Amino acid sequence: ATARDLGINFLETAWGYFDSEAKIGAALGKRRDGIVLASKSSPCPSKEFRARIDQSLERLRTEVIDLYQLHGVDTIEALERALGPRGAVSAAKKAIRQGKILSLGISTHKMDVCLELLKLDLFDTIQLPMSLLHTEVARSGILGQARRKNVGFIAMKPMGGGRIGNPRLALGYIYRYRRIVPVIGVETPEQVRQLARL
């Protein structure tokens, strides 16, 4: 609720983040105006992935999730399984047709997988670690490729997984680059207020 009241309009959670979806759903209630709501789940067979999407919708107390991501696709083999006939992508596409989710994204920790993802013209967003400790993203040309393909880029771990103690420095690095949305884990309203001030 604090984030929304301070103008933060992108909220990201995950099916597997303990009770995070339920807490966000309770905080938002029916006040979804202007909020981009994202969740994600590790890829699994299509039937289970469909069930996870439905559980996310229920926990978030909403009829539609703006962005649903395949989470932690860190090998080419995992990507191929997700793309298979009984994979998570087929379940996500069905959920899009049904109006349960609006767009499909993917997260990975691996640069080589990210490069393959950009060849597919399938995902609306890609999430990859990017920070002062993960500078290979900026040097790789991936950001330009994503822009040319109109793929949104979400910076995972912009605080270096908690190793960068200065939020101004960490976010200053991220915001040097255009069209990047950082996702930062917070635990208290004061942390949200500090980030909003930056």
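**Rings, strands and helices in a predicted model**

Let's start with one contact. The charged end of R52 sits over the ring of W15, 3.9 Å from its centre. A charge counts as over a ring if NZ of Lys or CZ of Arg is within 6 Å of the ring centre and within 35 degrees of the ring normal.

Some ground rules. This is a predicted model, where local features need pLDDT of at least 70 and side-chain atom pairs count only at pLDDT 80 or more, while totals for chains, interfaces and linings use all residues. Residues are numbered from 1 along each chain as its sequence is written, and side-chain values use heavy atoms, with hydrogens and water left out.

Now, aromatic pairs. How many does a search of the whole structure find? Two. Rings of Phe, Tyr and Trp (its six-membered ring) pair if their centres lie within 6.5 Å; planes under 30 degrees apart are stacked, over 60 edge-to-face, and the rest tilted.

Take F49 and Y68. Their ring centres are 5.7 Å apart and their planes stand at 85 degrees, so this pair is edge-to-face. It links distant parts of the chain: F49 is in helix α3 (residues 46–60) and Y68 in strand β3 (residues 65–70), 19 residues apart. Helices (H or I, at least four residues) and strands (E, at least two) are DSSP runs, numbered from the N terminus.

Are these two buried or exposed? F49 is buried, at 0% relative accessible area. Y68 is buried too, also at 0%. Buried means under 20%, exposed over 50%, partly exposed in between, using a 1.4 Å probe and protein chains only.

Next, Y173 and Y177. Their centres are 5.6 Å apart and their planes at 70 degrees, so they are edge-to-face. Y173 is buried at 6%. Y177 is partly exposed at 23%.

Back to β3, and the sheet. Seven strands form an open sheet in the order β1-β2-β3-β4-β5-β6-β7, with parallel pairing. The edge strands are β1 (10–12) and β7 (180–182), each pairing on one side only. Two strands pair if DSSP finds at least two bridges between them. Five bridges join β3 to β4 (residues 101–107). Which residue in β4 is the bridge partner of Y68? L104.

Last, α3 again. Helices α3 and α5 (residues 88–97) pack at about 45 degrees, with axes 7 Å apart. Axes are lines fitted to C-alpha atoms, for helices over the stretch in contact, and angles run from 0 to 180 degrees between N-to-C directions. Thanks, everyone.
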